[in-house]
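Good morning, colleagues. Today I would like to take you through a ligand site and the pocket around it. Please have the structure open as we begin.

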Amino acid sequence: MAYDDNNVFAKILRGEIPCDKVYENEHAIAFKDINPQTPVHVLVVPKGRYVSSDDFAADASDAEIAGFFRAVGTVARQLGVVADGYRILANHGRDAHQEVPHFHVHIFAGQNLGRMIKPIDK
Ligand code: AMP
């Protein structure tokens with residue numbers, strides 16, 4: 001899948017639409033999800049043009065991958081959710097219901113998150 005420069009996170013990265021930013025480093029930014037699913041719901045987004053975890057893992061440089069995942073850890077610590085716990089999640093493609101075609105990791109926290117996912121076909 002080709003990268004779409006008109007996706008909403010590309011517009012946020014270009015500063016064309018606002019976001020509630022909580023962190024930024026050379027390779028990533030983090031901002032609050034506009035439709036939070038948990039009391040704490042933050043998205044960590046690499047600055048590079050990657051559609052999902054698939055091309056990010058395959059094509060991003062070591063520096064981009066390190067910068068991105070260090071940002072995830074830093075944001076979680078900054079949010080104060082390490083002690084009680086948090087969940088990171090990344091959707092890729094149709095079956096995962098990925099909505100925004102720019103790679104991002106969700107950080108969910110602030111409540112008991114239950115155990116993993118609830119399978120609907122069992
Ligand atoms: P996903 O299904 O993993 O692609 O999730 C996309 C997420 O982006 C959803 O949780 C949306 O609520 C969130 N989202 C969409 N537009 C914005 C926006 N402008 N600012 C912050 N979060 C957004």
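I shall begin with the pocket, then turn to the ligand and its contacts. Please keep in mind that this is a predicted model.

The largest pocket has a volume of about 1100 Å³. Its lining comprises 34 residues, and those nearest the centre of the pocket are Gln 37, Leu 89, Asn 91, His 106 and Phe 108. Several elements supply at least two residues each to this lining: helix H1, together with strands S2, S3 (40–46), S4 (86–89) and S5 (105–109). Sorted by class, the lining contains 19 nonpolar residues, 8 polar and 7 charged.

Two elements give two or more residues to the shell around the ligand, namely helix H1, spanning 8–13, and strand S2, spanning 28–32. Of the elements, H1 contributes the most, with 3 residues.

The shell consists of 16 residues, and the closest to the ligand are Asp 33, Asn 91, Glu 99, His 104 and His 106. By class, this shell divides into 7 nonpolar, 6 polar and 3 charged residues.

Let me now turn to individual contacts. Which part of Asn 91 faces an oxygen atom of the ligand at 2.9 Å? It is the side chain of Asn 91, through an N or O atom.

Thank you for your attention.

Note on methods
Residues numbered from 1 in each chain as written. Predicted model: local features only at pLDDT ≥ 70, side-chain atom pairs only at ≥ 80, totals over all residues. Heavy atoms only, no water. Near = heavy atom within 4 Å. Polar contact = N/O pair within 3.5 Å; in protein donor to acceptor, adjacent residues only side chain to side chain. Helix = DSSP H or I, 4+ residues; strand = E, 2+ residues; numbered from the N terminus. Nonpolar A, V, L, I, M, F, W, Y, C, P; charged D, E, K, R; others polar. 1 Å grid on protein atoms, 1.4 Å probe; cavity = no way out; pocket = protein on both sides within 12 Å on 5 of 7 lines; lining within 4 Å. Points joined across faces, edges and corners; volume = space filled by probe spheres on them.
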